Amino acid sequence: MASVFTLGLSSCFGINSKLKPRFRVRAERLAGDDLSVYSSNGVSVNGGAGSAMGEEEKKGSFLDGGNGSLTLKPRTEKKMVKQRVVSKELEVLWDDGYGTKTVKDYLIAAEDMIKPDGGPPRWFCPLDCGQPIKDSPVLLFLPGLEGVGMGLILHHKALGKVFEVQCLHIPVLDRTPFEGLVELAEETIRQEHASRPGSPIYLVGDSFGGCLALAVAARNPTIDLVVILVNPATSFGRSLLQPLFPILEAVPSELHVTIPYLLSLVMGDPVKMATVRIERRLSPMQKMEQLSGNLAAVLSLLPIMANIMPKETLAWKLKLLKSASAYANSRLRAVKAEVLVLASGKDNMLPSEDEAQRLKNSLSNCIIRRFKDNGHTLLLEESLNLLTVIKGTCKYRHSRKHDFISDFLPPSMSEYRYGLDVVAGYLRFASGSAMFSTMEDGKIVQGLAGVPNEGPVLLVGYHMLMGFELACLVEAFLREKKTMVRGIAHPELFWGKLQSSSDEFGFSDWVKVMGALPLAANYFFKALSSKSHVLLYPGGACEALHYKGEAYKLFWPDQPEFVRMAARFGATIIPFGTVGEDDVAELVIDYNDWMKIPVINERIKESIRDGIRIRDETKGEVANQNLFMPWMLPKIPGRFYYLFGKPIELKGREDLLKNREETKELYLQVKSEVERCIDYLLKKREEDPYRSIIDRTIYGALYASADQAPTFKP
């Protein structure tokens, strides 16, 4: 088996740190046992700066006057600086390679890498990572107890596209103490920081590597670090397997070959590992066939684990793990880095969920994400792509603060498929969305041909109850036009209670992966200036959480600021209407009904006391409505309909920036067009023979997919 890897040499090999060399050595093991080495020029990647969003970013310039009212504050003109946008360097639906590698590939690669060479711990860059895009930050992977360094093999291609990935390899026979490993990693980080002082450095620590990452972060509080801990072994002292570790050390050498099989029962979920490459759309029988084949292949390779950790090495690494846990725990208060903890709910080796909460309480800047169905080897099991988690938690950045425009990474093909099948799978199937658009000559056609391909484009429309229409709208633009729609979303999804209500990777994380922007004037400005397709709901949460009897009623503010902003950049405004919320659910209890219940109303008042208000009927504005979820009853699903109106081009209409009367007139024109689109769809849907999901399902069984069921003729 051929083994190809790249070694990134650092100062731990005796290189003069003053020279700060950056080069790589490509080592390739061919069919035989000889190792051929080729030198190549290294790639110096210069980036921005690093840490989390500051308070000014969280609070500043939220748009007053409603969830879609863009009130521009008077400001002095500043010289515009052209900002680099990462998304311009990655095409939408790019291939991230997730699902092409499995734990089988990990075991094969590990077997080839553990051949004794007498060398010290070292950094290497897997060739699967490829060449990162310009100015990519450095990501250092610190492995688990096995020390191979290939624990990211499922994620190499995705991470390698946007990071300069380096992995730590600790040879089987190496006996470097924990403090020595800390110094090695620390020297590498300081060297990277010296060469690029403005760029963040990412540390991904898996299990034992989590202790190593925390130790390095504690010793370097002034360096901008983003630390990602995957089931960190800081909880080693509370492991339920503690009584078994002395037994493992006492197992006779002749029986040590059985240890991998015993460890496989507690370290990870074999079924989760074996389902990585299985397509979700296969039939149950096909899935079972592939699953059984994958399981057999993995089990046949488990004896390799005995070579990775022979008896003497296992005994040494258990002692190493004990000292690592104690070292890291004693220095938690010194950690100032930005920390993300990923915890598995079925970790049989460590109490990872409890440990994640403990770390969150102990560290000054820490968030957690739980994966309830995964085991200890989270990075090797079927779950979310690690890059997806980094994106969804807003951890990918080039500067001191995350920027939703310049740091945005467009969704990859695997994210698109996961969102299509898992996140919005049922809603997409049940709604059977029918899309229509209007050409420049006024003709209505099925599909999105009437929406311009080139931005800036501003989509302005009606927000359905609970935002039901969003997923299908974004998916349609990705599928039909391969265009990313950047939706302006409520701040609660980013920094409010909806963001912090659950530690699982959920809806609020997915909207960020799919391009949502906080409701702030600076991001609206940047999105249009980067010629994006921007989605704006002037009625916002007021429409999405409307009261009884308010379906398809627009709650737009008085200020027409989005018109002036669009005119400033010569954007094309596309008014659109959506209908179908009354075909999938019935609103039973709204905010007014909840407030009539004596016990519940006090709890509601307490829960919204610190929340954002968005409607005040007395002022005629949509600025102060209490945010509270309604209670709905599902119906037998009907269908969602979308109509995008005739494009309104504002190129050359700079006069709108000063003429308030014409701006107001155009604003009312856009609003009137949205209402016209809604009325048109409400009338025409009565002519749709496949409005019901029952009719569409029958059509799909007889002719084609239910998604392709015909609709009314425009």
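These are my notebook entries on a predicted model.

**Ground rules.** I number residues from 1 along each chain as its sequence is written, and I leave hydrogens and water out, so that side-chain values use heavy atoms. Because the model is predicted, I require pLDDT of at least 70 for local features and 80 or more for side-chain atom pairs, while totals for chains, interfaces and linings use all residues.

**Overall.** I looked up the secondary structure and found 26 helices and 21 strands. Helices (H or I, at least four residues) and strands (E, at least two) are DSSP runs, numbered from the N terminus. Of the 714 residues, 57% count as buried. Buried means under 20% relative accessible area, exposed over 50%, and partly exposed in between, with a 1.4 Å probe and protein chains only. I then took the contacts (heavy atoms within 4.5 Å). Among those between residues at least 6 apart in sequence, 81% join residues at least 24 apart.

**Cores.** A nonpolar core is a set of buried Ala, Val, Leu, Ile, Met, Phe, Trp, Tyr and Cys residues joined through side-chain atoms within 4.5 Å. The largest one has 116 residues, and those with the most contacts inside it include Leu159, Phe163, Phe178 and Leu386. Helix H5 (residues 208–219) gives the largest share of this core, nine residues. I also listed the partners of Leu386, leaving aside neighbours within four places in sequence: Leu152, His155, Leu159, Val204, Ile228, Leu342 and Leu379. A second, separate core has 72 residues, among them Met435, Leu459, Phe468 and Cys677.

**Helix pair H4 and H11.** Two packed helices are described by the angle between their axes and the distance between the axes. The axes of H4 (residues 178–195) and H11 (residues 311–329) come within 9 Å and cross at roughly 60°. I used axes as lines fitted to C-alpha atoms, for helices over the stretch in contact, with angles running from 0 to 180 degrees between N-to-C directions. H4 and H11 are therefore oblique to each other; under 35 degrees counts as roughly parallel, over 145 as roughly antiparallel, 65 to 115 as roughly perpendicular and the rest as oblique. Phe178, Glu179 and Leu181 of H4 meet Leu320, Ser323, Ala324 and Tyr327 of H11.

**Cysteines.** I searched the whole structure for disulfides (pairs of cysteine sulfur atoms within 2.5 Å) and found zero. For Cys167, the nearest cysteine sulfur belongs to Cys129 and is 6.0 Å away. Cys167 counts as buried because its relative accessibility is 0%. Cys542 is also buried, with a relative accessible area of 0%.

**Backbone checks.** Most residues other than glycine have a negative phi, and most peptide bonds are trans. I noted a cis bond from Gly455 to Pro456, with omega near 0°. Pro456 sits in the loop between strand S12 (444–446) and strand S13 (457–461). Asp135, not a glycine, has a positive phi of about 65°. I placed Asp135 in the loop between strand S4 (122–126) and strand S5 (138–142), and at 18% relative accessibility Asp135 counts as buried. Met466 has a positive phi near 60° and lies in the loop between S13 and helix H16 (470–481). Met466 counts as partly exposed, at 33% relative accessibility.

**Ser136.** I found Ser136 in the loop between S4 and S5, buried at 0% relative accessibility.
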